Amino acid sequence: MTGSYTRTASGTFTITDARYVGGRVGADLRQLYNLYGKPGLDSIEDYAEEVAILLNRGLLDTVDYGFRDTANNTWKMRLRYKATVGGQLIDSRPGSFPDPVDLTGYAFYSFLTYSPVFSLLTSSEKTGLNLPFSRTTGTAPSALAGTTTAGHGYARNGTGVARDIYVAR
């Protein structure tokens, strides 16, 4: 017996699609919580909704979540999500982290970069996004010597995020 499966994308990326992708990011963050006790469970839904809103509007470039050394602003472990449209999109199962890392003494941190479209919005349009929290400007932590593992991502209907994991040596 032979079977086939065909899927056609409608070309419209909706907030429902974006929340699916954001939910996958949230699942990764819940796994971070299970392994390392951070981020707080109350923050995870807000992070997932922020990804969904920005991805849906084409305003997300990258968002990082992880643990950093605050003394020199370097990552010890980081999950990076890069917004992607079209091309070779992957929709993986959440998780698949490397072996646990000793993160004792490192603070949880998140850093987000907006797409160029964000700078074209007026102040009232930015306020109208109704993001779950506001971010302040800052300097992105650096990733010096370490290992980066790519090849994981979450997508629906032609848009998604590619994930890589950086672990310092």
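How much space lies in the largest pocket? Hold that thought for a second, everyone, and keep in mind that this is a predicted model. The answer is about 260 Å³. Lining that pocket are Tyr-109, Ser-110, Phe-111, Leu-112, Tyr-114, Phe-133, Ser-134, Arg-135, Thr-136, Thr-137 and Gly-138. By class, the lining has five nonpolar residues, five polar ones and one charged.

Now let's turn to the sheet. It is open, with five strands in the order β3-β1-β2-β5-β4 and antiparallel pairing. Strands β3 (107–114) and β4 (146–156) are at the edges with a single partner strand each, so one side of each has no neighbour in the sheet. On average, neighbouring strands are turned by 15 degrees against each other, ignoring direction. Within the sheet, β2 (residues 74–85) and β5 (residues 159–168) run antiparallel and are joined by nine bridges. If you'd like a spot to look at there, find Ala-83, which stands opposite Val-161 in β5.

Next, the helices. Helix α1 packs on the sheet and touches β1 (60–69), β2, β3, β4 and β5, with its direction at about 140 degrees to that of β4. Helix α2 lies across β1, β2, β3 and β5, and runs at about 155 degrees to β1.

And how do these two helices meet? α1 (residues 15–36) and α2 (residues 41–56) pack at an angle of about 145 degrees, their axes 8 Å apart. The crossing of α1 past α2 is right-handed. Among the contact residues are Val-21, Gly-22 and Val-25 of α1, and Ile-44, Ala-48 and Val-51 of α2. Sorted by class, this contact has 14 nonpolar, three polar and four charged residues.

Thanks, folks!

Notes. Residues numbered from 1 in each chain as written. Predicted model: local features only at pLDDT ≥ 70, side-chain atom pairs only at ≥ 80, totals over all residues. Heavy atoms only, no water. Axes fitted to C-alpha atoms, helices over the stretch in contact; angles between N-to-C directions. Helix = DSSP H or I, 4+ residues; strand = E, 2+ residues; numbered from the N terminus. Left-handed = near helix turned anticlockwise from the far one by under 90°. Contact = heavy atoms within 4.5 Å. Nonpolar A, V, L, I, M, F, W, Y, C, P; charged D, E, K, R; others polar. 1 Å grid on protein atoms, 1.4 Å probe; cavity = no way out; pocket = protein on both sides within 12 Å on 5 of 7 lines; lining within 4 Å. Points joined across faces, edges and corners; volume = space filled by probe spheres on them. Pairing = 2+ DSSP bridges.
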